[in-house]
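User: Could you take a close look at the ligand site in this one? I'd like the contacts, the surroundings and the pocket itself, with cut-offs spelled out.

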Amino acid sequence: MFKGLVGLVTGGASGLGRATVEQLLKQGGRVVICDLPSSPGQETAKQLKENVAFVPVDVTSEKDVKNALQTTIDKFGRLDVVVNCAGIATASRVYNFKKDQPFDLKSFQKTIEVNLIGTFNVIRLSAGLIGKNAPDADGQRGVIVNTASVAAFDGQIGQAAYSASKAGVVGMTLPIARDLAKQGIRVVTIAPGLFRTPMMEQLPEPAIKSLEATVPFPPRLGHPQEFALLVQSIIQNPMLNGETIRLDGSLRMQP
Ligand SMILES: NC(=O)C1=CN([C@@H]2O[C@H](COP(=O)(O)OP(=O)(O)OC[C@H]3O[C@@H](n4cnc5c(N)ncnc54)[C@H](O)[C@@H]3O)[C@@H](O)[C@H]2O)C=CC1
Ligand SMILES: C[C@]12CC(=O)[C@H]3[C@@H](CCC4=CC(=O)CC[C@@]43C)[C@@H]1CC[C@@H]2C(=O)C=O
């Protein structure tokens, strides 16, 4: 089923995105990695060698995303699957009473811009291309997978911007799935708990250890490959659509 499949993965140079790129390639797919010019995307594509291309993309830019889609067509001739992993994590309380300072509005806007609007930008621009595929026996033309976070549901202190951005991704999942249903394009969102990636590794190891202890089972950070396996299952299972799936070892984050 994956043989010849063409995927585009945003944030594909690192963490959950990179694991997804590797899994799609392992299954016989071809992949376009979209990530910031400053990311290790070029080296990643070189390491992975065949059936992979890197395109420098800021997901908030219409021009960049259109360019990535054109490269996808030029190199691989079609697009079947989009996986949106690009994202940033920011943390600040709504008001810092010690410094007598409100939340910086630019930081709030940037978080929404990348995590929510960037995801929407990629979906809106790629849907037309996926819709050009001939339908399979089930009428399916392709799949879009988004990445939210459990912070969309149990946002912690300091996560107003991050949680709002991820809740937006959860909120748009069903309406976009409905918008694209007639074309046979499915839309599913994954809400990961805590995964060991460079984003998580910004935290000091003792903080990571104490976070791990809050995960009921298995009491550890998720491996990025476990995220990639869920992406694979979503692609394989035609009944999954319009839904957000928590992937969190039953974690409910504390305030
Ligand atoms: N690691 C974790 O525990 C969790 C991660 N997530 C989400 O999963 C997604 C992937 O995160 P990780 O792999 O952990 O982080 P990461 O920091 O390892 O990877 C994120 C990638 O997104 C890219 N990126 C950032 N802004 C971009 C932009 N404007 N345009 C294009 N690419 C951009 C970065 O360059 C980076 O390569 C993010 O959306 C994150 O919010 C959600 C829940 C938990
Ligand atoms: C986003 C997430 C939870 C966080 O808020 C942190 C982030 C790792 C980097 C961080 C460093 C800090 O000093 C403040 C907190 C945070 C922004 C975490 C990575 C994954 C977490 C998540 O999405 C959980 O669902």
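**The ligand 1 site**

The side chain of serine 14 puts an N or O atom 2.5 Å from an oxygen atom of ligand 1. That falls under polar contacts, meaning pairs of N or O atoms within 3.5 Å; within protein, one must be able to donate a hydrogen and the other to accept it, and residues adjacent in sequence count only if both atoms are side-chain atoms. Aspartate 58 also uses a side-chain N or O atom, 3.0 Å from a nitrogen atom of ligand 1. With glycine 193 it's a backbone N or O atom, 3.4 Å from an oxygen atom of ligand 1. On its own, ligand 1 exposes 830 Å², and the protein buries 92% of that (Shrake-Rupley areas, 1.4 Å probe; for residues, only the protein chains shown count as cover).

A quick word on the ground rules. This is a predicted model, so to speak: local features need pLDDT of at least 70, side-chain atom pairs count only at pLDDT 80 or more, and totals for chains, interfaces and linings use all residues. Side-chain values use heavy atoms, leaving out hydrogens and water, residues are numbered from 1 along each chain as its sequence is written, and chains are lettered from A and ligands numbered from 1 in the order in which they are written.

Now the shell. There are 27 residues around ligand 1, and Ser14, Asp35, Tyr162, Phe195 and Thr197 come nearest (a residue is near if one of its heavy atoms lies within 4 Å). By class, the shell has 16 nonpolar, eight polar and three charged residues (Ala, Val, Leu, Ile, Met, Phe, Trp, Tyr, Cys and Pro are nonpolar; Asp, Glu, Lys and Arg charged; the others, Gly among them, polar).

As for the pocket, ligand 1 takes up the space of the largest one (more than half of its atoms lie within 2 Å of the grid points). A pocket here is an open set of points on a 1 Å grid over the protein atoms alone, where a 1.4 Å probe fits, with protein on both sides within 12 Å along at least five of seven lines; lining residues have an atom within 4 Å of a point. Helix H1 (15–26) and helix H5 (160–180) each give two or more residues to the shell around ligand 1 (helices are DSSP runs of H or I, at least four residues, and strands are E runs of at least two, numbered from the N terminus).

The largest pocket's volume is about 1200 Å³, counted as the space filled by probe spheres set on grid points joined across faces, edges and corners. Of its 47 lining residues, Ile88, Ala89, Tyr162, Met199 and Gln202 are closest to the centre.
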